[in-house]
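Please look over the sequence and the structure shown here before reading the comments below.

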Amino acid sequence: MTAIICGSLAYDNIMVFPGRFSEEILPERVHALNVAFLVPEMRKQFGGCAANIAYALQQLGGSGKPMGTVGMDFGPYTERLTGLGIDQTYVKTVAEAFTAQAFITTDLDDNQITAFHPGAMNHAHEQAIPAEATLGIVAPDGRDGMIQHAAQFAEAGVPFVFDPGQGLPMFDGDDLKRFIEQATYVAVNDYEQAVMTERTGWQPAEIAEHVEALIVTRGAQGSEIYTGGDMLHIPCAKADAVVDPTGCGDAYRGGLLYGLQQGYDWATTGRIASLMGAIKIAQNGPQNYSIDPADFAARYQQAFSAALPAPVGG
């Protein structure tokens, strides 16, 4: 199965302020704010949901192609993807735009100030779902692109995951109901699920009535998969260390796609996804972890006290 992974490809510029925002921002002056932070520590990471998910799926041995729009400054990123062997057939360059970029400053209390420039991501709707797609995901991207790609997957009868993520604020209740009705699966974290419920008026069990599965991640509390009228609790896999949560949700979704490709049941698929999140959180950045099949199987056994089943048919 070829998974078409619709979403952003972006640069993450992560800076650390060795102080506290609360000590630099005067409440009585927020109406005329003019603040500068010296950030001696900075790192630039390769990110974006489509690339992060494709990376996770490839690490597991699955088949996926990111689909997104990038800018004139994408050269270093395309070299990286080429080196990794990730197919860029559906990565389109928009010459007059910059690649999407996040500028994240974190203080000593883990508070964050983030600026996000969508750039070329706003051209996502200029690409159409290819005929080779047999599985898909609509992850955070330009608004028009997310709407168009969900409709195209649905019209082609291609099963896909709707993953609104950071794109959730762009959609009202009617938009979200349409996405849910088009999708085969919905994947959200617990906060996103609460917002989705507030905007649609549908509780999780009601959302699950419209899809084959609703997946809700809850951080250290594990995750829940609503399917077939039941709710499965997926335990959280223990991480070697808690270093950086950036990209954990994308690693989890890579695990979901892999489980779907391999024909695993939801209990196994959820555990694969959970373990991928735990492996990622122990490394800085969304694409700096690596696994091999033997190590993953051993870690699965250790995390869940059960052997990783053989893929269906394999």
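1. The coordinates come from a predicted model, and side-chain atom pairs count only at pLDDT 80 or more.

2. T99 sits in the loop joining β5 (90–93) to β6 (100–106). Its relative accessibility is 0%, so T99 counts as buried. Leaving aside residues up to four places away in sequence, T99 touches L9, A10, Y11, V70, G71, D73, F74 and H117.

3. The model has 10 salt bridges. One of them pairs D109 with R20, with 3.2 Å between the closest N and O atoms. D109 belongs to the loop between β6 and β7 (112–117), R20 to the loop between β2 (10–16) and α1 (21–24), and the two are 89 residues apart. D109 is partly exposed at 39% relative accessibility, and R20 is partly exposed at 32%.

4. K92 and E126 also form a salt bridge, at 3.0 Å from N to O. K92 is in strand β5 and E126 in the loop between β7 and β8 (135–138), so this bridge ties together parts 34 residues apart in sequence. K92 has 30% relative accessibility and counts as partly exposed; E126, at 40%, is partly exposed.

5. Is the pair D163 and R253 buried or exposed? D163 is buried at 3% relative accessibility, and R253 is buried at 5%, because buried means under 20%. Their closest N and O atoms are 3.0 Å apart in a salt bridge. This pair links the loop between β9 (160–162) and α5 (173–182), which holds D163, with helix α8 (residues 248–262), which holds R253; the separation is 90 residues.

How values were computed:
Residues numbered from 1 in each chain as written. Predicted model: local features only at pLDDT ≥ 70, side-chain atom pairs only at ≥ 80, totals over all residues. Heavy atoms only, no water. Helix = DSSP H or I, 4+ residues; strand = E, 2+ residues; numbered from the N terminus. Buried < 20%, exposed > 50% of the residue type's maximum accessible area, 1.4 Å probe, protein only. Contact = heavy atoms within 4.5 Å. Salt bridge = Lys/Arg side-chain N within 4 Å of Asp/Glu carboxyl O.
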